[in-house]
Amino acid sequence: MNPLEQKILERIRKEGPISFESFMDMALYDPEFGYYVSRGQRVGREGDFYTSSHLHAMFGAMVGKQIVEMWELMHFPEGFTIIEMGAGEGYVCKDMLDFLKRAGSEEQRLTGSFYQSLRYVIVERNELQKQRQQERLQEYKEKIAWIADIREAGTISGCIFSNELLDAFPVHLVRMEDQLREIYVSHNGAGFTEQTGDLSSDAIAGYFSDAGIELERGYTTEVNLRIRDWLLDIGTVMEKGFVFTIDYGHPAEEYYSEDRNRGTLLCYHNHEFNEDPYKNIGDQDMTSHVNFSSVKLWGEDTGLRALGYCSQGTFLLAMGIDQEIAKLAETSTDYLFEVSRIKKLILPQGMGESHKVLIQYKGRELPRLQGFSIRNQLRFL
């Protein structure tokens, strides 16, 4: 047993079987041995997985372009704040600020003015990750602040952005037997095992009843209640503005379809995925897809109204990434390689279809955003 497995076992011996959510929380976020706490490289070529921000700087540029429009639609507030949660290695922040600074120097008055007035805040609890971000973002140290909890930001107007954050929240695992049961983690002396028991929270049953979802017998799936808590925290700091979420997932109707009767939980280790959360504990990532319908509904409870929902590929094309690719031909020293990376952001075979974009808004208006000018799929949420 590694130290994290021993720590989990000791908790089980003390408390009895623990919910899968508790197990996943320890595996990913234990302050001593959790996956996201350890020093090793986790993302990119030498890590376990890629995110969009690792493929090409144009991803962060298009995110920045959309946020400039948000600022414009809010009538150019001087105190516009971007809060990024789950900033990872800091690539989106760097690429966004590079784009805004470059655009400003090229005498694009609107973008330049936005860059000058922008306040950027990164929410990061992991000190090691924070240090890596600060090293990468050294050029912008005067513009960026770091906090450990979003509630430290005070009241803000602006945009709260996340890329592949919600999929890493620990989830409850449930299985429909004679009634809805929750999966708990125990240990039989040889390894970690699963057993079902009563639901650990009434909110789990309410999650399905509120959405009108009925599961067939034998159906196993996840419930991500931490998204609700995340939105409640956002509601405490957001006076007016946008919540800009990119992640892989589905609306409820697709998420709980017959062909996903084993759920969506996946583990990633050395760029290979598996469905066994009980191996490589503390040394592999664990994720589950996002139910975007729940993000929309819970957002409404905190005053956030959905403005648009579509695939990442559709969003990037609406933002004009094809025009930026054309410009790249004039400056790139390895155009074909760069285009091959960008295609992974757009095409259905890559992240273009698996990743979705949802933008919500708190305010009296219902602004129309360029990112949803091609297609808006709110009716499916």
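In this predicted model, Phe80 is in contact with Ile67, Met70, Trp71, Met74, Phe114, Ser117, Leu118, Arg119, Ser157, Gly158 and Cys159, leaving aside neighbours within four places in sequence. Phe80 belongs to the largest nonpolar core, which has 52 residues; together with Ile67, Phe244 and Ile359, Phe80 touches the most other members. Helix α4 (residues 58-73) gives this core its largest share, 9 residues. Another core, of 42 residues, lies apart from it and includes Ile147, Leu165, Tyr256 and Leu358. In soluble globular proteins, nonpolar side chains tend to be buried together.

Helix α8 spans residues 202-211, and its buried residues include Ile204, Gly206, Tyr207 and Phe208. After α8 comes Gly212, whose phi is positive, near 65°. The elements below are among those that cover the buried residues of α8.

| Covering element | Residues |
|---|---|
| β6 | 172-176 |
| β7 | 180-187 |
| β9 | 220-223 |
| β14 | 290-291 |
| α11 | 292-301 |

Leu378 is placed in the segment after β16 (355-362). Is Leu378 buried or partly exposed? Leu378 counts as partly exposed because its relative accessibility is 22%, and buried means under 20%. Not counting residues up to four places away in sequence, Leu378 touches Ala306, Leu307, Gly308 and Tyr309. Between Leu378 and Ser257 there is a separation of 121 residues in sequence and 19 Å in space, C-alpha to C-alpha.

Note on methods. Residues are numbered from 1 along each chain as its sequence is written. This is a predicted model: local features need pLDDT of at least 70, side-chain atom pairs count only at pLDDT 80 or more; totals for chains, interfaces and linings use all residues. Side-chain values use heavy atoms; hydrogens and water are left out. Helices (H or I, at least four residues) and strands (E, at least two) are DSSP runs, numbered from the N terminus. Buried means under 20% relative accessible area, exposed over 50%, partly exposed in between (1.4 Å probe, protein chains only). Contact means heavy atoms within 4.5 Å. A nonpolar core is a set of buried Ala, Val, Leu, Ile, Met, Phe, Trp, Tyr and Cys residues joined through side-chain atoms within 4.5 Å.
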